[in-house]
Structures are given as structure tokens and as C-alpha cells.
Amino acid sequence: MSPRELVVLGTASQVPTRTRAHNGYLLRWDDEGFLFDPGEGAQRQMLLAGVPARDVTRLCVTHFHGDHCLGVPGVVQRLSLDRAPHPVHAYYPASGEEYFGRLRHASSFFDALDLRQVPVDGPGVVADGPFGVLEARRLDHVIETYGYRVVEPDGRRMVPELLAEHGISGPAVRALTPPLLDEVSVPRPGQRFAFVMDTRLCDGVYELADGADLLVIESTFLHADERLAVEYGHLTARQAARVAAESGVRKLVLTHFSQRYTDPELFRAEAAEVFDGELVVAADLDRVPVPRRR
């Protein structure tokens, strides 16, 4: 089982720069590898980050602007070349079915990948498994866009002292059922990860961010350019931080920066005026741990 962490492949928005590659984010979550919005060059960024293609089990595309999806052909073909031994599920807006088909078969290659396409046509749960559930929410961009979040179900944590008091050990622990289970354990809240890309402020943003242990959210513009953010369907760093503060987010990761800004500390300073929790201004190839359980 892998540690839960975010591997940042790229942090640029529409135009990559000398220091920022196009978007790309891999969430390691136990035995799952969620690859979000692989932009152009994602395959090479995975190599630089030490992420084998086989680590990808689920591909999540928020929308079909190039900086969020032009890496799909390379990633799919690399998974096929490496003979990924597991199915890969792909989630994307149903309205972009034609675009996904073009990306999926952008060139000739020996297709040995079991890729299972799951078009998203509305809010709700799009997948479930031992990892929990993967949910989608509609966002407010200039084309149809969905954000995603991973929600682990609540559980219980065994308390060694209470187990000892009841003389319970070894295999008997796994066989416990209520009410005895409740007497030797305490509630363990499930963890939540949220991924919010190109959008104006809307209900979906807050629904995704609600109670997130780790929120990855676009902050394409600074507050001084809020007019442009609204016009082009994006958030400012201040807006993203306000969402985190009002939603009880524990760790905030800002990313998807416009090429007009060269100093990342400007985003940190603006967000810190609103959000007093743990704050990360993402840089390419960063590794960001999911916070420890509460």
C-alpha cells in the first residue's frame, strides 16, 4: 500500500513556461493512482517525477481544453507499451466523447490497454471501491467542466488499551462486531481529497472542497486581475483561499498559474491573507503528502 500523496507533474495554465510544464497531477491513494488532467508532456513529467505509467489506475479529465488533456495520447500509449496489468478507468465530461475518442486514438500504436471509458453526464458518484468513492461535481467554466473528489468512508480505530482490558488480541480483533466493537474502538473520520480546475466560483466548488483534507485548486489569476478571471472562467488566489477557509480545508494546494506571473510568492501572500491553514504553492515535481488523520 503506497502512502497517500500528490505528485505534481505540471503547474502551468494555457501556456507552459521555462519553469512550469502543462498541468498534470497524480494522487497516490493506497493501491490506486488517480491521474488528473494530464496536459502536453505529461509522460515526460512522469518520468522526471519517478512515476511509472503502471501506477495509473484511473484517469480523470475535468474538461477538454488542451492544457488539461493533450497528454492523454502519450499516457495511454505508454500504459499500453508497458502492458499495464490492470484496467484503467477514464472519467471525462460526456459532452466531450468525440474529443476523448480522438485523443485515445491520436496515432497508430499496438493497443494492449484495457481502458474503460466512463463519460460523466451529471453530478454524483462515478466510481467506488476499496478506496472509497470518486465523485464529480459540475463547475462553471466556458465549456462543460467537472471537478472530482475522493471520499473515504468513515471507520473506527482500535484502541490497544481497550482491547487489552477485554482480553482481545490477534485474529479475534478482525472478527469483532457491535456492540463490543464500539467498546474497544473510537470513530475514525474518512479522508477527503478534492480537485478543482478551471471554474468561476459556484456551488460545485464548495461542494467539492467541503471538509477536504487536501484541496488542489486552480488560482490562475491574482486579485488585481479578477475581471479577467471572471471573463475567462477562472479563480484568483484570494477566491481559492476563501473557498478553503469557508470549507474547512486542512491543506490547500494552489496551482494552474497564468504565464503572466513569474513570482509564485505573490500567490502565497494573497492566499495567506484569507486562509490560515497549511498552504502549498505548487511547483513542478513537488510531492505533497495528504495530511495525517485528524
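## Aromatic pairs and a buried proline

Both phenylalanine 257 and phenylalanine 267 are buried, meaning under 20% relative accessible area with a 1.4 Å probe and protein chains only. Welcome to a predicted model, in which local features need pLDDT of at least 70, side-chain atom pairs count only at pLDDT 80 or more, and totals for chains, interfaces and linings use all residues. Residues are numbered from 1 along each chain as its sequence is written, and side-chain values use heavy atoms, leaving out hydrogens and water.

**Aromatic pairs**
- Rings of Phe, Tyr and Trp (its six-membered ring) pair if their centres lie within 6.5 Å; planes under 30 degrees apart count as stacked, over 60 as edge-to-face and the rest as tilted.
- The count by this rule is eleven aromatic pairs.
- Tyrosine 92 and phenylalanine 100 are stacked, because their ring centres are 4.3 Å apart and their planes are at 5 degrees.
- Tyrosine 92 and phenylalanine 100 are both buried.
- Phenylalanine 257 and phenylalanine 267 make a tilted pair, with 4.5 Å from centre to centre and 50 degrees between the planes.
- One aromatic cluster is formed by Tyr25, Phe34, Phe36, Phe131, Tyr148, Phe193 and Phe195.

**Proline 93**
- Proline 93 has its place in strand β5 (residues 88-93); strands are DSSP runs of E, at least two residues, numbered from the N terminus.
- Proline 93 is buried, at a relative accessible area of 1%.
- Leaving aside residues up to four places away in sequence, proline 93 touches Val61, Thr62, His63, Phe64, Val120, Glu144 and Tyr146, where contact means heavy atoms within 4.5 Å.

Methods: Helix = DSSP H or I, 4+ residues; strand = E, 2+ residues; numbered from the N terminus. Buried < 20%, exposed > 50% of the residue type's maximum accessible area, 1.4 Å probe, protein only.
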